[in-house]
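Hi everyone, thanks for coming. Please have a look at the model on the screen while I talk.

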Amino acid sequence: MPVRIAVSDPLPMFRSGVAEAMRGAGYDVESPDDVLSWTNEVGPHMVMLTLLSPADWTLLAALRESRSQVALIAVIEHGDVLTSVRALVSGAVGVMAREADPETVCSVVSAVAAGRSLLPAEVVRALTAPQYRPPPEHIPTDREIAWVRMLTQGCTVARLAQHAGYSERMMFRLLRALYERWGVANRTEAIVHARGNGWL
């Protein structure tokens, strides 16, 4: 069964350019408005997801959590290495620069379709370097790790606030500040981020 590919990017020209390149290589390419619903349809799926906003990261987390069979390729502006590493840790199986040429796009997609991953050398170095660590400001305190661990167990913010000794409003503020520091949008992304960094 042929692989169906969804391209999710805010720019119509980008979507049509990728679709044109991929159709020339024999792939069926679509640009659904609702990628999550699209992945419910029958058949092997691949999603090329451009990560520009917190909503894009939320979609990545949702696809990874609920659609484990979907192959995710993260499209990163300027091929930023740390963003690429974050995307891979968050569940993508491939990354490519948003500015990639058609040949590179086809190579990345073909590799993922074959069950492999084609990564830039600097991303591989960052992933495998023993000294690689998130920026210091992203490293949580033991207290913050305990909060996220409780969230993974389904704890509500109200219950977490009571346990931590804060008002519910203050707990929301503290969690929001933590999410902003990590560059995530919500509880789901925070959990994925924490697991990916080995904090849970």
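Predicted model: local features only at pLDDT ≥ 70, side-chain atom pairs only at ≥ 80, totals over all residues.

Residues are numbered from 1 along each chain as its sequence is written, and side-chain values use heavy atoms, with hydrogens and water left out.

So what is the order of the strands in the open sheet? There are 5 strands, running β2-β1-β3-β4-β5 with parallel pairing. Strands here are DSSP runs of E with at least two residues, helices are runs of H or I with at least four, and both are numbered from the N terminus. Two strands pair if DSSP finds at least two bridges between them. At the edges stand β2 (28–30) and β5 (94–97), each with a single partner strand, so one side of each has no neighbour in the sheet.

Let's look inside the sheet. β1 (residues 4–8) and β3 (residues 45–50) pair in the parallel sense over 5 bridges, and Arg4 stands opposite His45 in β3.

Now for a helix that packs on the sheet: α5 touches β1, β3, β4 and β5. Touching, or contact, means heavy atoms within 4.5 Å.

Which helix holds Ser107? Ser107 lies in α5, residues 102–113. Ser107 is partly exposed, with a relative accessible area of 33%; buried means under 20%, exposed over 50%, and partly exposed in between, using a 1.4 Å probe and protein chains only. Ser107 and Trp38 are 69 residues apart in sequence and 24 Å apart in space, C-alpha to C-alpha.

Terms used. Axes fitted to C-alpha atoms, helices over the stretch in contact; angles between N-to-C directions.
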